[in-house]
Structures are given as C-alpha cells and as structure tokens.
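Visitor: Let's go through this one question by question, and please spell out your cut-offs as you go.

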Amino acid sequence: MQLAPNPLAPPSGRRLARRDCVPLRALLFRLLLLLVAGVSLAACANGHGESVPSSLPAPGSEGGSAAQEHGSGTQSPSTAAERVALPAPQLDSDRSLEEALAARRSVRRFSDERVPMEILGQLLWAAQGITDADRGLRTSPSAGARYPLEVQLVVADMNNLTAGVWRYVPLEHGLRLDRAGDRRGEIVAASSSQDTLAGGDALIVISAVDERTRDRYGDRTDRYIAMEAGHAAQNLLLQASSLGVGAVVVGAFDDDALARALALDEEKPLYIIPIGWPAEN
Ligand SMILES: Cc1cc2nc3c(=O)[nH]c(=O)nc-3n(C[C@H](O)[C@H](O)[C@H](O)COP(=O)(O)O)c2cc1C
C-alpha cells in the first residue's frame, strides 16, 4: 500500500531506532510470559483446586485489582477445565500502525481457510493481553485498572480446539474451556440471524463483569465499560487489519439470548466479533 510520506519520520534513512531494540525486548517479553505461564500451570497442577486469577494487582488499588478480588469474576473452578496455552505474542511486524489504520474495514464474508493459533492468540492478546506483568497492566486501558472485561472465543471446528466457548485467561496467555458444544447456531439466532456470524472461523465475544468497575466508580460504570469495550475491540480490529485477518464488530443482538448461549451469569455481553480470512471478493 502506498501511503503519503510521514511528516514525523526521522530525517535519516534509518527507520525508527526503537525498532532496533525490539528483538531483544520481544525475547525478554517471551521469557517473562513463559515464566508466568509456568508459575500459573504449577498453581493449576497443585491439586488443591485453586482457581488462577486472570490479572495481577493493579497499581494504586487497595488490595489488588477487581479481577483478582473476584477471582476473575464468573470464571468457574479451573481444576476440571480443559486448558490450552497460546503461542507467545509477536511484538513486531512488517506493517506500520498507519497502514493498519488505513486498511481497516469491516469484513463480513470469509473464506474457508483456517486462521492459525498464532493469529488467534495475537488477536486475543491485542484485546486484553498482559503487557506489564509486575503490575498486571494490559494492552487496553481500564478505568482504575479494574479490568471488567472478559474475552470469550467461540469455535466449532478449529485448530483441534474442542468445539465450545473458551475463555481467554490473560495472565496465562491461554484459553480455558468454559462450555463444550457448538453454540454458533444459538449465537446467530441471538443476533437476528446475521449471516456474518455463521461464516467466520471463530467468534470473539467481549463481555464485562460490571461489579469490578461499579465498586469504585458507581454511576459512571456503564459509560466506562462501554468505553473499555471500544478500546479492546479497536485494538483487536487494528491487529486483525495488520495481519490481513477479516473482522467486524457486531453490537446488534439479544443480550439475554446471547448470555444463555455462552452460559454467562454475572457477565454482560457487549460485542461479538467474527473473525476469519476475508473472502476473495
Ligand atoms: C457499536 C457498533 C455496533 C455495530 N454493530 C454491527 C452489527 O450488528 N452488524 C454489522 O454487520 N456491523 C456492525 N457494526 C459495524 C458497522 O456497520 C461499520 O463499522 C460501519 O458500517 C462502517 O464501516 P467500516 O467498519 O468498514 O469502516 C457496528 C459498529 C459499531 C461501532
């Protein structure tokens, strides 16, 4: 893609010097993720049935983040649940942010080709991945670092994943099976039969545990949560655009019917995002 010259580009022929540091930073980040995943898996395997929190304490929050206080909200006990580790996220690419912005378009028709796990993991990380393991901070901003958002991945037949509703666990950069069985028919029905939702490789659902934010922000909760869903969804859309993956945010659905399909109790679904390789035309 030909873009207009960037007026902020450095004058020399070199691209941003910061890029030179990325491989080392990426290596360190991956080592950190591996360490964190190892600690989490050890906790899972301790046989005491302790659930693994999906975030670390937030800066300035008394007694840790809401996600930690509530044991990541509606997550069911982790002992019996099937878990899958995702490939470590990439922190570099050949496509600039400006190119991803310029190329982003809602995609509603998808090819039959499968999206690999690396890309699935990258999209989920873009939405809610941990980027500061010490403080539990994520790719998307959150009011008071309360992190009310949860991200589900709904698959029918993909990458050897059991058909069902999987939950992204940020701290592990992994997936945990919340509900087995193909739910896509119910989800399509909950969204006025929008065909788009049946066509993609997978559906990513962003939902929120209201109380994590309401505890601190009261009346401003609905506003903050809607803003946060927008931040997370836009991160995901730009990452998809950067990778050439098709996606569209879908907000038109019956909340109760979708919550039933996903077996959500306390969580409120906010967005459905079908993803897949775009159809040829
Ligand atoms: C809050 C919100 C809800 C949306 N809901 C739907 C939807 O239910 N179905 C759909 O196909 N597109 C939906 N869209 C996508 C818009 O239709 C799309 O962004 C718009 O047509 C502009 O096109 P573009 O995204 O390609 O720039 C939604 C977008 C937003 C921001």
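**Loops, helices and a ligand**

Visitor: Where is Tyr 147 found?
Guide: Elements here are DSSP runs, numbered from the N terminus: helices are H or I with at least four residues, strands are E with at least two. On that basis, Tyr 147 is found in the loop between β3 (137-138) and β4 (149-155).

Visitor: Before we go on, what pLDDT do side-chain atom pairs need to count?
Guide: Residues are numbered from 1 along each chain as its sequence is written. This is a predicted model, where totals for chains, interfaces and linings use all residues, local features need pLDDT of at least 70, and side-chain atom pairs count only at pLDDT 80 or more.

Visitor: Is Tyr 147 buried or exposed?
Guide: A residue is buried if 20 or more other C-beta atoms lie within 10 Å of its own, exposed if 12 or fewer, and partly exposed in between, with C-beta atoms placed from the backbone. Tyr 147 has a positive phi, near 45°, without being a glycine. Because it has 29 C-beta neighbours inside 10 Å, Tyr 147 counts as buried.

Visitor: And what is the phi of His 173?
Guide: His 173 sits in the loop between β5 (164-169) and β6 (174-180). With 22 C-beta neighbours inside 10 Å, His 173 counts as buried. It isn't a glycine, yet its phi is positive, at about 45°.

Visitor: Which residues does Leu 86 touch, not counting those up to four places away in sequence?
Guide: Leu 86 is in the loop between β1 (83-85) and α3 (97-103), and it is buried, with 22 other C-beta atoms within 10 Å. Leu 86 and Leu 124 are 38 residues apart in sequence, but their C-alpha atoms are 9.5 Å apart. Contact means backbone-placed C-beta atoms within 7 Å. By that test, Leu 86 touches Met 117, Gly 121, Leu 124, His 173, Gly 174 and Leu 175.

Visitor: How many of the twelve residues of α4 are buried?
Guide: The expected span of a helix is 1.5 Å times one less than its number of residues, and α4 reaches 16 Å from first C-alpha to last, close to the 16 Å expected. What covers its buried residues includes β3, β4, β5, β7 (202-208), α8 and β9 (268-276). Helix α4 is largely enclosed by the rest of the structure, because the number of its twelve residues that are buried is ten.

Visitor: At what angle do α4 and α8 cross?
Guide: Two packed helices are described by the angle between their axes and the distance between the axes. Axes are lines fitted to C-alpha atoms, for helices over the stretch in contact, and angles run from 0 to 180 degrees between N-to-C directions. The axes of α4 (residues 117-128) and α8 come within 7 Å and cross at roughly 145°.

Visitor: How many nonpolar residues does the contact of α4 with α8 have?
Guide: Among the residues that meet are Ile 119, Leu 123 and Ala 126 in α4, and Ala 232, Leu 236 and Leu 243 in α8. Ala, Val, Leu, Ile, Met, Phe, Trp, Tyr, Cys and Pro count as nonpolar, Asp, Glu, Lys and Arg as charged, and the others, Gly among them, as polar. By class, the contact has no charged residues, four polar ones, and nonpolar ones numbering eight.

Visitor: Which residues are around the ligand?
Guide: A residue is near a molecule if its C-beta atom, placed from the backbone, lies within 6 Å of it. The shell divides into four nonpolar, four polar and two charged residues. They are Arg 105, Ser 106, Arg 108, Gln 194, Thr 196, Val 248, Val 249, Val 250, Gly 251 and Ala 252.

Visitor: What distance separates the C-alpha atoms of Glu 266 and Val 209?
Guide: Glu 266 lies in the loop between α9 (255-262) and β9, and with 15 C-beta neighbours inside 10 Å it counts as partly exposed. Along the chain, Glu 266 and Val 209 are 57 residues apart, but the C-alpha separation is 6.2 Å.

Conventions
Two residues are in contact if their C-beta atoms, placed from the backbone, lie within 7 Å.
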